[in-house]
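Please prepare a short briefing on selected local features of this model, grouped by topic, with the cut-offs behind each term stated.

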Amino acid sequence: MTDDASTDVLIVGAGPTGLTLALDLARRGAAVRIVDKSPAHPRTSRAKGPNPRSLEILADLGVVDEVLAAGSAPLPMRVYRDHRPVAETDPWADAAPTPATRFDRPWLIAQWRLEEILRARLAAHGVHVELGREVVGLVEGAGERHVDVTFAEGRAERARYVVGCDGAHSPVRKLLGITFDGTTAEDQVMVSGDVELDHEDLGRDRWHQWFDADGAVMLCPIPGTRTGWWFQAGPERDADGRPLAPTLDGFRRLFTRHTGLPGRHLTRAELLSTYRVNVRMADRYRVGRVLLAGDAAHVHAIAGGLGMNTGIQDAFNLGWKLGQVLAGQADAWLLDTYEEERLPVAAWTLDLTSDRLRATLEAIREPGGHLGTAMTPETAGLGIGYRWSSLAGKEAGTGTGTETEAGTGAGTEAGTKADTEADTATSAPHPGNRSPGDRAPDAPCRDAATGERTHLYGTFAGPHTTVLGFGPASAAVLREVAATYGEGPGVRACRVYAAHEDQGTAEPGSLIDDQGHAAAAYGIGAGGSGLVVIRPDHHVGIVAPVGDPGSVREYLRRLHGAPGMVDAVRQG
């Protein structure tokens, strides 16, 4: 083992969270490795798919078209009672894309298939999951420049940073001594697995749900399979009321009891598991050069389908920050903002999913009640923001802001602030919702050079910060940004023309806001002007009037370094 770490980031755990983080870092040029203790890639279906916010992230990473093709739109639900259908419902019937949001509903895809797509994209960057590698020791090196990692086979390796994406039983979290406080509801138990079903009367165009006074069975077809289904049910119990472990024969008995159909139609069951409602979260997301993400940092009720999605969104928040620090463009204080921003979101998610579980359990007691009760506008993830963050700059024209000095230890306060900040972790996405910290709204536009249809998120996509300039007076600031940060991946300047403006000498990458949606989304009045900095994770960093270019300069300096630092990084 050498003194210098050749690995920038070692990711432990190759589920959707770890793969998202690895892919984001790899496209930034980081030397990333990803390990998993499993001897083979799992084929479990588990999570049912990404929500709209995660679909935006997958689009940014360049894999959303494959995800959409491999999965399906969420299905209408058919609800049964005493073997008979009693209700049909489609929770997404009224959903539709808006100018601010391209994706209007979650997407059904087996977790193993999503992981397969992410692994293939990661392999294109030359990074492959290292299987059968279990981490058993972590020691931060002298001078705090690296972490020594010990594996079960006795081998020791070194990395500049380590991220534990290794699930609810996270060995990384345990090695750090981070508490995982919360509760386990021993009486709220569900058995689940992937099954094959040959009964043709159960159409694969519905999510079938049988809710009876003595239990339930739920069957949802797995996209991309001919006879595969997700099976979920209340467990069988012994004479003392204790839940029995799931088996194929047990699944058949449950199937017959609740559906009234012969159990022989259920021909195979695999990846069987017992789920108990756990509501827990870590009190810290970072210890020195080791960080946590996904289920390693938080677990909660499955209602609303936010488990995998919260992990993907953790990874997207962390990836660009690690990338900036590794590139030497930001100090390690930027990593403190990961905990500062995401820990309160976890607290909010625990509260939301617990509330949705209570509402769903109450709903299914009555004939016609269904799992759609778990879905609300909040579960789409589009309203999650970080208005409290030290990275949230000032509002346009107010002259005031919430920025704090770099290095003030924002992360140390996150745990104590989590409960109060969780109350403001989301705000409903709508035009004009552009306060610093909010998710940046999308908007349809035209490419100023070609006239082709495009959208703001096409400009945001990639490992860079975006500076939007509205109005002729923004042009000088955008030219300064381009001159300072060059044509590299760090910062992209984008002039957004109103439909009535002359675009005669438009810079490459400029956009025409021909329908006015972009200006409206960011609070720019008709014929108005303004500057908006969009972080690499699609959140508003700062909104400033064109007469205050200093605010933009200072914000970019915090994220990307001073001009001299930028030149040094380029030459290095």
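The side chains of Thr 184 and Arg 280 form a polar contact at 3.0 Å, where a polar contact is a pair of N or O atoms within 3.5 Å, and within protein one must be able to donate a hydrogen and the other to accept it, while residues adjacent in sequence count only if both atoms are side-chain atoms. This is a predicted model, in which local features need pLDDT of at least 70 and side-chain atom pairs count only at pLDDT 80 or more, whereas totals for chains, interfaces and linings use all residues. Residues are numbered from 1 along each chain as its sequence is written, and side-chain values use heavy atoms, with hydrogens and water left out.

- Thr 184 belongs to strand β9 (residues 180-197); strands (E, at least two residues) and helices (H or I, at least four) are DSSP runs, numbered from the N terminus.
- Thr 184 counts as partly exposed because its relative accessibility is 28%, given that buried means under 20% relative accessible area, exposed over 50% and partly exposed in between (1.4 Å probe, protein chains only).
- Leaving aside residues up to four places away in sequence, Thr 184 touches Arg 276, Val 277, Asn 278 and Arg 280, contact meaning heavy atoms within 4.5 Å.
- Although Thr 184 and Arg 276 are 92 residues apart in sequence, their C-alpha atoms are 6.9 Å apart in space.

- His 83, which is not a glycine, has a positive phi of about 75 degrees, and lies in the loop between β3 (77-81) and β4 (84-89).
- With a relative accessible area of 41%, His 83 is partly exposed.
- Leu 271, in strand β13 (residues 266-282), has a positive phi near 55 degrees, and its 38% relative accessibility makes Leu 271 partly exposed.

**Helix α13 and the residue after it**
- Helix α13 (residues 549-560) has 12 residues and reaches 16 Å from its first C-alpha to its last, close to the 16 Å expected at 1.5 Å a residue, the expected span being 1.5 Å times one less than the number of residues.
- The buried residues in α13 include Val 552, Tyr 555, Leu 556 and Leu 559.
- Just after α13, Gly 561 takes a positive phi of about 90 degrees.
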